[in-house]
Amino acid sequence: MAQDQKLIDKGPFAVAILAAIAVAFAVLGVTLTSYMKGPDIREDAELRASIEDRIRPFGRVKLPGEELAPGELQVDEMPQADPVATLLTGPQVFNEACIACHGTGIGGAPTLEDSATWEPRIAQGMNTLYLHALEGYTGSAGYMPPKGARLDLSDQEISDAVDYMLSQVTN
Ligand code: HEC
């Protein structure tokens, strides 16, 4: 009983201590938050200017009547790099677009080893072979899709591939 009485006596004191701790944490929290937030660019004009300077676009289009800023360079024409040759060679086209069928004979495609089936084809003349490769062809062996289904390739690239294929047909 005496113990209980002791606790009751100390009650207000304990509450006061807890309240003081709570206030101390609140103050600490507010102080830390404002400390960690860093400077506010809306208020710090110098900081804002330095950030804007760093994220400024590399170049801009100067409109008629506009003045150049001090130190700004004017380039009348963007330098253009020479375009590199984009045409694929016959062997490259064959490896990319034709080998899937003509390398293995899938779907009846004549392979490069199969010289016997090439003979009557070659006898049609080169123009017919080019045309069949370009526009597609369905014969007795199967279906040859237009440009080997690579419509992004140019006519020149396809006919170069035909030339390459015929040069590789083993006799
Ligand atoms: C999806 C399979 C397939 C692909 C890919 C393919 N071919 Fe063919 N090709 C065939 C088939 C099948 C034939 C035989 C058609 C027939 O005679 O019935 C053929 C036939 C040909 C012929 C002979 C045509 C004739 O008149 O006899 C040529 C030339 C040819 N292909 C070129 C090419 C070239 C060049 C490519 C790559 C750009 C290519 N092919 C890609 C399936 C293919």
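Predicted model: local features only at pLDDT ≥ 70, side-chain atom pairs only at ≥ 80, totals over all residues.
## The overall build

Let's start with the big picture. The protein chain contains six helices and two strands. Going along the sequence, they come in the order α-α-α-α-α-β-β-α. The chain's radius of gyration is 41 Å, while the globule rule gives 16 Å for 171 residues, so the chain is more spread out than a compact globule.

Other values fill in that picture. The C-alpha atoms take up a box of roughly 120 × 70 × 25 Å along the principal axes. As for contacts between residues at least 6 apart in sequence, 49% of them join residues at least 24 apart.

How well covered are the two protein residues? Histidine 102 has a relative accessible area of 10%, so it counts as buried. Methionine 144 comes out at 21%, which means it is partly exposed. The cut-off for buried is under 20%.

## Around the site

Methionine 144 also turns up in the contacts of another histidine. Histidine 132 touches Gln124, Tyr137 and Met144, leaving aside residues up to four places away in sequence. Histidine 132 sits in helix α5 (residues 126-135), and its relative accessible area of 18% makes it buried.

Then there are the cysteines. How many disulfides does the structure hold? It holds zero. For background, a disulfide is a covalent bond between the sulfur atoms of two cysteines. Cysteine 98 is buried, at 12% relative accessibility, whereas cysteine 101 is partly exposed, at 34%.

## Loops worth a look

Have a look at the loop between β2 and α6 (155-168), where you will find lysine 147. Its phi is near 55 degrees, a positive value in a residue that is not glycine. Is lysine 147 buried or exposed? It counts as buried, because its relative accessibility is 13%.

Alanine 149 lies in the loop between β2 and α6 as well. This alanine has a positive phi too, about 70 degrees, although it is not a glycine. At 55% relative accessibility, alanine 149 counts as exposed.

Finally, there is glutamate 77, placed in the loop between α2 (45-54) and α3. Glutamate 77 is exposed, with 68% relative accessibility. How far is its C-alpha atom from that of alanine 109? The two C-alpha atoms are separated by 52 Å, and the residues are 32 apart along the chain.

Notes. Residues numbered from 1 in each chain as written. Heavy atoms only, no water. Buried < 20%, exposed > 50% of the residue type's maximum accessible area, 1.4 Å probe, protein only. Helix = DSSP H or I, 4+ residues; strand = E, 2+ residues; numbered from the N terminus. Rg over C-alpha atoms; globule rule 2.2 N^0.38 Å. Contact = heavy atoms within 4.5 Å. Disulfide = S-S within 2.5 Å.
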